[in-house]
Amino acid sequence: MFTPTGYKLFKRCQLQWYLKNIVADGRVKNDEFRKEITILAKLNTLEAWRGNIVDDVVSRLLINSINKKYPIDRTYLVNEADKMFDSQLEYAAFQKYREPGRKYTKDKDFAALVNYEFGLDYTDEMINTARTDIHAALNNLLDDAEFIKYLQSARFLASQRPLHYTFSGLPVSSKPDLIVFFDDRAPHIIDWKVHTYGLNTYDEQLMFYAVALYKVAMTKPHADFPMNLGSHQIFDYKLTEYQLLHPDRIRRDYEVTKDSLEELNDKMSKGIIEMYMKGCHKKYGEADPENFETTNYIENCNNCQFKTICKTKEYATMSN
Ligand code: SF4
C-alpha cells in the first residue's frame, strides 16, 4: 500500500520502512524477533506523542461535538487531553507494553516513548513543556472563533477518514486529518500540525489528499459523503495546513493547479515503481530483507526506533 508518509520513510531509510511495514505485525504470536520489532515500531518521540494527543482530542472530541451541534466545552477538551497525557505517560514510563502476556494493542492508554524504552529519562522541564504545548495548541484552535464558526457552518466534518484507491493498478491509501463538506461548495481538506516552529510547508501532502478524495469521489464515494461531491472539480478543492502550536496560528492555504498535479503524478509513479521493484508489496517471508538498503545519512539513525536491533542484527552497514 503506497502512502505519502510511507514513501517519505522509504526515501530516508529503506530498511526502516521494511522493519516497520513488513516485519512489524501486531498479530504475530510465536516469533520473538517480530514481536520485538512490532513494539519498537510503535515508539514515538516526545514531540510526536504530544502531537498525537492534540490530534486525538481535536479529531475525536472537538470534531464530534461540532458534527453533533453540541456547544464546545473548552474545559472538557483540555481536561481530556490532560487525562490522556497522564495515563499514557505513566503507561510509557513503566513500559507496560512489555508486561508478560499483555495484549497491548488493545490498551487504550497505550504509549511507547523512545527515551523510556532506551533507558533514558525526560526532565521535568521536557514533560511540562510537552503538556504546555498541548494546552497551547488546543487553546489556539479554540480561540480561533472565526475558524470554529466556519467549521460549524459545514454540512459535515469527516475526521481521519481513510481514502483508498488504485494508481497504475496498485493500492494507494491516505488519511486526511479533516475534510469539511458543504452543500454548495467544493470540499476543504485540513491538515493539523503541532510543530514548535512550523517552518516546513505541507503543500505536497495536502495535494496527495486532494487527489485521493477526488479519486474516491469519482469512483466509490463513502455513504456519508455529499451526493454532489463528484460534481466538483479538483481545482475547486480548498487545502489548508494549520500550524496549531505557532503563536500566530499559521494557516497556510494551497491551490490545486495543473502543474502541481502533474508534479505529484510523476512523483507517485516514480515512487510506486521504486517501491514495487524492492518488493514493498510482498509479505514477510516473501520480501527479501537484503533488498532494503540502510540510510546513507547516519544522522537519520539517531531518531530511529530500530537503532538497537539494527546494530545487533548487523543490518546497518555504517559504524557507530
Ligand atoms: S538504525 Fe539507521 S540504518 Fe538502521 S533502520 Fe534505523 S535509520 Fe535505518
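**Close-up views of the predicted model**

**Figure 1. The pairing of strand 1 with strand 4 in the predicted model.** L157 has V180 in strand 4 as its bridge partner. Strand 1 and strand 4 (residues 178-181) run antiparallel and are joined by 4 bridges. Helices (H or I, at least four residues) and strands (E, at least two) are DSSP runs, numbered from the N terminus, and two strands pair if DSSP finds at least two bridges between them. Residue numbers count from 1 along each chain as its sequence is written. As this is a predicted model, local features need pLDDT of at least 70 and side-chain atom pairs count only at pLDDT 80 or more, while totals for chains, interfaces and linings use all residues.

Figure 2. Strand 4 and strand 5 run antiparallel, joined by 3 bridges, and a hairpin connects them through 6 residues. Within this pairing, V180 stands opposite H188 in strand 5. Strand 5 and strand 6 (residues 238-243) run parallel, with 6 bridges between them; here D191 stands opposite E241 in strand 6.

**Figure 3. The hairpin of strand 2 and strand 3.** Strand 2 (residues 163-167) pairs with strand 3 (residues 170-174) in the antiparallel sense over 5 bridges. Y165 has V172 in strand 3 as its bridge partner. The hairpin has 2 residues between its strands, and S168 in the turn has a positive phi of about 50 degrees.

Figure 4. The axes of helix 4 (residues 46-67) and helix 7 (residues 124-143) come within 10 Å and cross at roughly 30 degrees. Axes are lines fitted to C-alpha atoms, for helices over the stretch in contact, and angles run from 0 to 180 degrees between N-to-C directions. The crossing of helix 4 with helix 7 is right-handed, that is, the near helix is turned clockwise from the far one by less than a right angle. L46, R50, I53, V54, V57 and V58 in helix 4 meet M126, A130, D133, I134, A137, L138 and L141 in helix 7, where contact requires C-beta atoms, placed from the backbone, within 7 Å. By class, this contact has 11 nonpolar, no polar and 2 charged residues. Ala, Val, Leu, Ile, Met, Phe, Trp, Tyr, Cys and Pro count as nonpolar, Asp, Glu, Lys and Arg as charged, and the others, Gly among them, as polar.

**Figure 5. The shell around the ligand.** The ligand is surrounded by 13 residues, of which C13, T294, C301, C304 and C310 are the closest; a residue counts as near if its C-beta atom, placed from the backbone, lies within 6 Å. Helix 2 (14-23), helix 11 (299-302) and helix 12 (307-312) each supply at least two residues of this shell. By class, the shell has 8 nonpolar, 4 polar and 1 charged residues.

Notes:
Two residues are in contact if their C-beta atoms, placed from the backbone, lie within 7 Å.
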